[in-house]
Amino acid sequence: MTIITLAQLSADLDAGKVSSTELTQEYLQRIDASEHNAFISVDQELALTRAKDADAKRANGESSPLLGVPIAQKDIFCIDGTQTTCGSKILENFIAPYTATVVSNMHDHGVVSLGKTNMDEFAMGSSNETSHYGNVVNPWSSKGATLVPGGSSGGSAAAVSAQLAPAATGTDTGGSIRQPAAFCNLTGIKPSYGRCSRYGMIAFASSLDQAGPMTHTAEDAAMLLNTMVGFDSKDSTSLDVPAEDYTTQLNDSIEGLNIGLPKEFFGEGLKPEIATLIERAVKEYESLGANIKEVSLPNSHLALPSYYVIAPAEASSNLSRFDGVRYGYRTEEYTDLVDMYTKTRSEGFGDEVKRRIMIGAYALSSGYYDAYYSKAQKLRRLIANDFNDVFKECDVLMGPTTPSTAFSAGSNSDDPVAMYLNDIYTIPANLAGLPAASIQAGFTSAGLPIGLHIIAPYLQESKLLNVAHQYQKVTDWHTLSAPGASAHNVGEKA
Amino acid sequence: MALDNETVHIIARLARLNIDDSELEKYGSELSNILNLVEQMEAVDTSGVEPMTHPFDATLRMRADEISEGNQREKFQAIAPSSENGLYLVPKVID
């Protein structure tokens with residue numbers, strides 16, 4: 001069984017080998033037959049209407065690379081008229097009254113949204129286990145052992161890995177695109193902060209949240225990213241920078257590329273087998289003509305502590321909007337206004353969300369602001385400065401995406417801090433706002449995928465994708481399909 | 001740092017959350033573990049370091065003071081738990 005890429009589907013649609021309607025029907029059937037619990041909701045009618053529309057446009061001579069290509073959307077993006085839960089009970093009945101800019105950008109390019117994928121509640125989690133809508137099965141699970149897909153974009157990762165969609169959107173606040181991409185053998189890109197509009201993307205930690213593509217290949221990620229990005233006046237932190245085509249530099253040579261290996265990413269806690277696989281990937285880069293050097297990010301050990309102040313603080317503020325007044329869940333019985341707020345929130349939020357709201361409320365409470373939030377923002381500056389320093393002598397940085405491979409459901413769930421360690425290598429890029437990727441870099445002896453983490457300087461997504469693509473041209477890890485993937489008709493038809 | 005039950009109770013009230021008495025201990029110990037992780041921050045001297053609020057140190061844009069959004073009251077209130085005559089209904093707050 002082989003993977004089906006966006007590039008291939010795009011070419012097949014262009015050549016008239018398959019229609020968007022046929023493709024969309026095929027994927028909808030697969031979603032229907034799958035047992036991964038990767039989707040929270042699927043709007044078949046809406047998907048088929050868009051597919052028909054795309055077919056009509058192609059018949060009229062219109063062409064755009066992703067016109068008529070179906071993909072899955074993380075259920076954090078509002079789509080007008082569609083249920084948008086963010087993995088939470090508190091938004092179970094929420095029908096979004098407007099569409100996220102990222103989604104409307106994709107729709108403008110003719111992308112067809114298949115449905116909304118499962119996720120950790122409000123994107124807070126690394127295993128998809130905090131979702132109100134149940135655990136998601138990692139398609140790389142072996143018989144009898146159910147592994148988590150990672151999180152928070154766990155449903156998106158499982159959907160693409162199981163071939164229920166050729167690509168999906170994710171969001172990444174501390175690693176929520178890259179960690180599940182590593183766990184499910186995918187390519188995941190977190191763009192520079194501000195590249196993708198946050199408008200209509202339900203907020204977790206506003207100074208860190210960023211949307212990005214989850215795909216089988218870097219080329220697909222470039223194609224999808226092309227349709228997602230752009231300045232948006234509706235997002236006050238959107239970057240007003242010229243548009244670029246992320247596919248144009250994919251084939252550039254990486255001869256002479258300077259790769260830095262931060263020694264802090266290879267320290268205690270990293271599984272030796274993963275370290276060995278990452279070293280092998282780095283050797284591959286060396287044979288492509290890259291220069292490798294060890295570098296240091298001396299403040300990176302402070303990333304996790306400062307993240308667990310900044311993210312919960314911003315979350316506690318963002319999530320104060322869920323009060324049972326204007327939208328979402330409201331408790332059945334209450335005595336007064338405060339009682340209504342309190343019961344609504346206590347019944348509507350899960351444990352991890354409550355913990356983070358409480359940490360945030362504490363960190364922001366009177367007398368603690370300087371000791372926590374302000375201190376964490378100062379450390380954030382030191383962490384960002386470390387990157388600025390190493391990028392004076394390196395083009396990109398590399399290391400493992402995660403310290404371990406996908407784990408069993410339930411194995412980390414009673415120790416929040418142990419769960420947080422999943423994101424120890426991914427968080428620094430969020431704090432600094434840098435673009436970063438996780439790409440497929442091999443398998444452990446247990447047959448589980450691992451991710452190579454690549455971090456690039458600000459706004460250098462094209463370089464990041466170029467570096468990822470050059471590796472994929474000489475390796476085939478990304479082409480290996482999960483044992484739990486859907487049976488293939490699309491390729492045969494196409 | 002270990003949070004006592006009373007502090008957990010106060011934080012929960014600030015966050016408009018109810019934590020059952022039976023769960024106070026569990027929340028207290030989990031929150032304390034997170035705060036212990038966070039405590040590593042204290043060891044670093046950050047005097048003279050500017051807090052970083054945005055990766056590009058961008059300031060918020062201003063826009064022209066013009067109406068850019070039309071009235072969509074009916075559409076937005078259609079998804080409210082309780083509304084009437086264009087108003088959101090909540091329990092009585094003034095006697």
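## Aromatic pairs and the A–B interface

Tyr362(A) is buried, at a relative accessible area of 6% (buried means under 20%, exposed over 50%, partly exposed in between; 1.4 Å probe, protein chains only). This is a predicted model, in which local features need pLDDT of at least 70 and side-chain atom pairs count only at pLDDT 80 or more, while totals for chains, interfaces and linings use all residues. Residues are numbered from 1 along each chain as its sequence is written, and side-chain values use heavy atoms, leaving out hydrogens and water.

**Aromatic pairs**

- Over all chains, the structure holds 18 aromatic pairs (ring centres of Phe, Tyr or the six-membered ring of Trp within 6.5 Å; planes under 30 degrees apart are stacked, over 60 edge-to-face, the rest tilted).
- Phe183(A) and Phe407(A) are edge-to-face, because their planes stand at 90 degrees, with centres 5.8 Å apart.
- Both Phe183(A) and Phe407(A) are buried.
- Tyr362(A) pairs with Tyr368(A) in a tilted arrangement, 4.7 Å centre to centre with 35 degrees between the planes.
- Tyr368(A) is partly exposed, at 33% relative accessibility.

**Where chain B meets chain A**

- Here 49 residues of chain B are in contact with 68 residues of chain A (heavy atoms within 4.5 Å).
- There are three salt bridges between chain B and chain A (a side-chain nitrogen of Lys or Arg within 4 Å of a carboxyl oxygen of Asp or Glu).
- Arg355(A) and Glu30(B) join their side chains in a salt bridge, at 2.7 Å from N to O.

Conventions:
Chains are lettered from A and ligands numbered from 1 in the order in which they are written.
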